[in-house]
Amino acid sequence: MFGKGNFFLEIQDHGLEEDKRVMPLVYRLSAETGIPLVASNDAHYLEHADHRAQDILVCIQTGKTVSDANRMKFSTEQFYLKSRAEMMTIFGEVEDALDRTWEIAQRCQVKLEKVKEPFPKFGVPAEHSIDTYFEYVARQGFEKRRGRLEKLAAQKLLRHDIAEYGERLDREIKLIQEMKFSGYFLIVWDFIREARARGIPVGPGRGSAAGSLVSYSMAITDVDPLHYGLLFERFLNPERVSMPDIDVDFCTNRRGEVIQYVTEKYGREQVAQIITFGTLGAKAALKDVGRALDLTFGEVDKLTKLVPAELNIKLEDALKKEPAINEIAANDSRVREMLDVALRLEGMARNASVHAAGVVISPQPLADLVPLYKTNKDEIVTQFDMKRLEKLGLLKMDFLGLTTLTIIHDALELIRKTRGEVIQLEELPLDDQETYARIFAQGLTDGVFQFESSGMKDVLRRSHPERIEDLIALNALYRPGPIQNGFVDDYVDRKLGRKPVTYDLPELKAMLEETYGLVIYQEQVMQVAQKIAGYSLGEADLLRRAMGKKDKGEMDRQRARFLHGAKVNGHPPKKAEALFDLLAKFAEYGFNKSHSAAYGYLAYLTGYLKAHYTVEFLAALLTSETGNTDKVVRYINECRALGIEVLPPEVNQSGLNFTPVGRDKIRFGLGAVKNVGAGAVEAIVRAREEHGEFKTLDDFCERVDLAAVNKRVIESLIKAGAMDHLKGTRSQLFAVIEECMEGGQRAQKDKLSGQAGLFGELMAGEADAERHDRALPKVGDWTQVEKLRGEKETIGFYISGHPLDEWRWKVTELATHTSDTLKAVDGPEMGHAVEKGQEVALCGIITGIQKRRNKEQKPWAFMQLEDWNGSTEALCFATRYELLQKDIAEDKAVLVRGKAMPEEDGTVKLNVQEIIALENARVNFPSVVSIRVRLAQSGAEKAEALRQLFAAKPGETSVRLKIEKAKDFVVLMDVPGKVRPDREFQAEVERICGPEALEVIAS
């Protein structure tokens, strides 16, 4: 079967009892049969010293700790790659078995060749070749685009002649054919065309593919590359041929349908998703190893917080930059072991999972080309990751899910239903000033793609964007590198005229005027090299790559090439040298304009819909985040800020999702209620549409399909307030659920069996009326606290109010932050907020309490602190727990003072130092305040406004009025009542009497 000389008997000895039993039998079998022996060692780690690290890695991968006696564990420390000398001590008497190991290894000569034809066969019409059909599709697609281009040209809005489009299209088609990529474009065109035919939203473009006019013509992208100055050579460089990479965004909910279509078209054996490996970074290695070694959360957290907040920092570098880590390890042997093991495990694979977007499509069965792996969900994925698949030359594509596309699609559908308007996105004007002024310039960008973060909102308010080019630029600039180097501030100052815009060479103006003289995009680097130094765009792309990689040898060659080309073109050497250095500096942070333009366009679309169809857009946005409590709370607050009322769920009004009600209200969807699935909502809506609104719970139970709407569903609907419009209070409805359901089941059964006598219909009607008017039990209604608790349980947050509402003025005075403003200084949003250890104060409701014990068996707790905007995780460690435990209670309204604990993702946890019930929390107001009132014709109006304010704010502070009339008199008068001079009071006084009208007389 194996051929002569190809069959051996393996011997191993790791000190296991099994080895001792088996080896003599293998020796005897070899002697009796003449089959040669080969000695080997089962290697799970490289060196003997790695055995402890490997043991801990197994604990990490299996979620166990080293103290767990039942964990997976190797019984000896001999599973490493042994040297010949070490193997001789075990198998010295059969040295030829060791020689044979080497001989077999020498036979293994495997070289994985690149796949010669990477693209699967794409069927084309009989009269076409792959190249001619590609060209046909591209040109036909351009003809469909031509009408819009000619319309823009007639309006003098087209920046390039139609002839230029034709020339560019000819050039791109020719280059793509020469590079043998016609099949690739047809494959992408085909599945995008199929997605659109099925009504699956597709993104306008992503990455450098947006720089291709062919992509635009074939409707692979929706961004006109000539209009935005995008370069084909940034996408495909004919001077450095590499596989094209078109990533495509699809609606998150239906992305799987596109992958399924591709799988069916090219064969299940030829399509698979791609594996990805989660590796241990510096902080992750410390956290995982510390957990496996049974160190406490506090001990591990203290150490990881010392690791400098640098992207991709290595643990070895962290130890050099932060000596305190080694100081801690020197005084604690457990920490020393944690560090030593973490250094060994850093960079190793922690787990394998399916890549979020990557799909490989092969010209032949993948099993013939790459190893495959079945996940615990029975998904077939490649064992080679994305980079190794690319080295093999296989076709890899990213099918990405983008929630924004779902939001836009749903918003357009709501606009069609509520307003009767059918909107074509490509027809929307890109210069709508209301969108820029109302949404972007004011930073009202919650829900606006790529512009939601607090830091970005700040930049928008500072820069006042007025055109889509501003959005594209800010999208490219708002990243750590450009921000830390001051490029954002420079851009804003130049845009607003606070800094002059100058150009060292007049030729630069045409390329850099759009970005106020700054080099922001990689494409600008390429254009400057082309115009100033005579590079072809293909050569300029190589220059751009060299600058980005900081390859010194290549940079020296490129510098000489650039300076020579600039000299030939008549530019002064010193200016050319300064320009090269400037390009090198900016190229390090330069962004792909093609990607930024596509995403800037998508951002504009969401901003436009929010400006002009606010209710529909926000309803779609809320629907997209159903289940994400913090996001829903945030967007409901946004609705309120925009004057839009969010109505609670209602069985007589709500559908599955959030829906607009007129132009200033949004109704909660029943699908947002816990335990209420799509089938239950469908049954409720169907019954409502057939016979009108429900009057009572009996009426409801008789008409809905009780197979879909069970007791649990009805309980949740009552708790959520969705049945408040039916007869009875929530407590009364809750008390009669079972009776109503039994009556409903009988009525439905009678109706199905046709059990109605001579006067059945009349008697049934009387019975129905009697049942629907049943006297509900006399039980007290739930308290406001109980109602709110029910809403929180079923929806995730409060609807009809908030437990903090009665303490609103105290919260305003006492809290330094809210849950949504508590952000880390070095968080991803880069909106400067709190630093590690900074003292902060938050007010909220305590929920989700979990009490635990540390290694010394001392109790501690962590909990959620919820306010109107979301929630913050708060930890009460053992050192403070005993003192504060009496104040840690579910649903308690409290003031919490503590120290900020920033996390890697920018969120901040709270190290609790003090907890005070809000009912007992004191606000230290002054004992006497003075209000200066300047008399004028409106004196009576001011007096009445102040009287109303004093009545609305009763408190313990005395008020003295200082009444003035210019150049006439000043009168002091004490007001008989006392007030509460909180921030709201102070703001209202300034509104009535002007700035600085309020003065503290006595504290």
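## Close-up views of salt bridges and a surface patch

**View 1. Arg-159 counts as partly exposed, at 45% relative accessibility.** Like every view here, this one shows a predicted model. Which residue does the side chain of Arg-159 meet in a salt bridge? The partner is Glu-469, with 2.6 Å from N to O. This pair links distant parts of the chain, 310 residues apart. Look for Glu-469 in helix H19 (residues 468-477), and for Arg-159 in the loop between helix H5 (130-154) and helix H6 (162-178). Is Glu-469 buried or exposed? Its relative accessibility is 6%, so Glu-469 counts as buried; the cut-off for buried is under 20%.

**View 2. Glu-337 and Arg-52 join their side chains in a salt bridge.** Here the distance from N to O is 2.6 Å. The two residues sit 285 residues apart, so this is a link between distant parts of the chain: Glu-337 belongs to helix H14 (residues 333-345) and Arg-52 to helix H2 (residues 51-62). Glu-337 counts as partly exposed because its relative accessibility is 28%. Arg-52 also counts as partly exposed, at 29%.

**View 3. A network of salt bridges links Arg-52, Asp-55, Arg-71 and Glu-337.**

**View 4. The side chains of Asp-245 and Lys-396 meet in a salt bridge.** The N to O distance is 3.5 Å. Once again, the pair links distant parts of the chain, here 151 residues apart. Asp-245 is in the loop between helix H8 (213-217) and strand S3 (248-251), while Lys-396 is in strand S8 (residues 395-402). Asp-245, with a relative accessible area of 32%, is partly exposed.

**View 5. Leu-935, Phe-969, Val-971 and Met-973 make a nonpolar surface patch.** The patch covers about 300 Å². Where does Phe-969 lie? You can find Phe-969 in strand S19, which runs over residues 969-979. Phe-969 has a relative accessibility of 32%, so this residue counts as partly exposed.

Methods
Residues numbered from 1 in each chain as written. Predicted model: local features only at pLDDT ≥ 70, side-chain atom pairs only at ≥ 80, totals over all residues. Heavy atoms only, no water. Patch = residues over 30% accessible without salt bridge, like charges linked within 9 Å, V, L, I, M, F, W, Y side chains within 5 Å. Areas by Shrake-Rupley, 256 points an atom, 1.4 Å probe, with all protein chains shown as cover. Salt bridge = Lys/Arg side-chain N within 4 Å of Asp/Glu carboxyl O. Helix = DSSP H or I, 4+ residues; strand = E, 2+ residues; numbered from the N terminus. Buried < 20%, exposed > 50% of the residue type's maximum accessible area, 1.4 Å probe, protein only.
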